[in-house]
Amino acid sequence: MKALIKVYFLALTFSTQAQTELTVLTSESTVRWTGTKVVGLHQGLVAIKEGKIKLKDQKLAGGYVIIDMTTITCTDIPDTDPIPKRNLETHLKAEDFFDVVNYPTAKFEILEVRTHPDNPARNLVLGNLTIKGITKRWKVEVEPTTQSDRLFIAQADLRFDRQVFGVAYKGLKDELVHDMVRLNIIVKAK
């Protein structure tokens, strides 16, 4: 009986040690967005507000990232052209797009991590994506470059259809903007 209890405690200790939770370093993590339209595209940045990365046996196993939508900026229009830049950023934050007054954050929560079928160095991550209060099951391709119980660094490619999340406005103007938005996310967690 003593041997069985000892084995149980050793197994419990090992499984506890094999799981690690790291905090996302928001100042060292980035989200670059790209939106395309009939003629051209716009790109910019949005800040990560907070996040946690869970590792099991030094491999990605779970976690979440919260994005601060109030920080969305445009980087393809130079600061030397302040009126178009301000107009676009104001439009992105407005009610007909991301409505940051009512929905200041977006979130991706990891539910399942699989090895990518086409590339074993990458992960296919399934989770819940929440934008403008609408949550949908979504998949993201993640390529970890560093995975240890002290440091996690990865690049994620998240693409979403803005219409699914109510990021749209009525009229002809909306038909000039393509529905797919791409987020290139670099996460660093310690």
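Two residues are in contact when heavy atoms of theirs lie within 4.5 Å. That term is needed throughout this walk through the protein. The model is predicted, so local features need pLDDT of at least 70, side-chain atom pairs count only at pLDDT 80 or more, and totals for chains, interfaces and linings use all residues. Residues are numbered from 1 along each chain as its sequence is written, and side-chain values use heavy atoms, with hydrogens and water left out.

The protein contains three helices and nine strands. Helices (H or I, at least four residues) and strands (E, at least two) are DSSP runs, numbered from the N terminus. Read from the N terminus, the order of the elements is α-β-β-β-β-α-β-β-β-β-α-β. Of the contacts between residues at least 6 apart in sequence, 55% join residues at least 24 apart.

Strand pairing comes next. Two strands count as paired if DSSP finds at least two bridges between them. Strand β4 (residues 59-74) pairs with β5 in the antiparallel sense over six bridges, and G63 stands opposite I110 of β5. Strand β5 (residues 105-115) is in turn joined to β6 by eight bridges, and these two strands also run antiparallel. I110 stands opposite G127 in β6, while E109 stands opposite N128 in β6. Strand β6 then pairs with strand β7 (residues 134-147), again antiparallel, over nine bridges. G127 has W138 as its bridge partner in β7. Between β6 and β7 there are two residues, and the two strands form a hairpin; in its turn, K132 has a positive phi of about 55 degrees.

V113 and G62 are 51 residues apart in sequence, yet 7.3 Å apart in space, C-alpha to C-alpha.

How far a residue is covered is given by its relative accessible area: buried means under 20%, exposed over 50%, and partly exposed in between (1.4 Å probe, protein chains only). V113 counts as partly exposed because its relative accessibility is 25%. Strand β6 (residues 123-131) is largely enclosed by the rest of the structure, because seven of its nine residues are buried. In the protein as a whole, buried residues make up 36% of the 190 residues.

Some of the buried residues form a nonpolar core, a set of buried Ala, Val, Leu, Ile, Met, Phe, Trp, Tyr and Cys residues joined through side-chain atoms within 4.5 Å. The largest such core has 42 residues, and F98, L158, F160 and L183 touch the most other members. Strand β4 supplies the largest share of this core, six residues. Not counting residues up to four places away in sequence, F160 touches F98, L129, I131, W138, F165, D179, M180, V181 and L183.

The surface is described by accessible areas, which come from the Shrake-Rupley method with a 1.4 Å probe; for residues, only the protein chains shown count as cover. The accessible surface of the protein comes to about 11,500 Å², and 55% of it belongs to carbon and sulfur atoms. One nonpolar patch on the surface is formed by V38, V39 and L176, with about 310 Å² of accessible area together. Patches consist of residues with over 30% relative accessible area and no salt bridge, with like charges joined within 9 Å and nonpolar side chains (Val, Leu, Ile, Met, Phe, Trp, Tyr) within 5 Å. L176 lies in the loop between α3 (172-175) and β9 (177-189), and is partly exposed at 46% relative accessibility.

Charged side chains remain. A salt bridge is a side-chain nitrogen of Lys or Arg within 4 Å of a carboxyl oxygen of Asp or Glu, and the structure holds nine. D157 takes part in one with R159 (3.0 Å, N to O). D157 is also bridged to R182, with the closest N and O atoms 2.8 Å apart. The latter pair links distant parts of the chain, since R182 is in strand β9 and D157 in strand β8 (residues 152-161), 25 residues apart. D157 is buried at 16% relative accessibility, whereas R182 is partly exposed at 35%. K85 and D79 also meet in a salt bridge (3.6 Å, N to O). K85 is buried, with a relative accessible area of 13%, while D79 is exposed at 61%.
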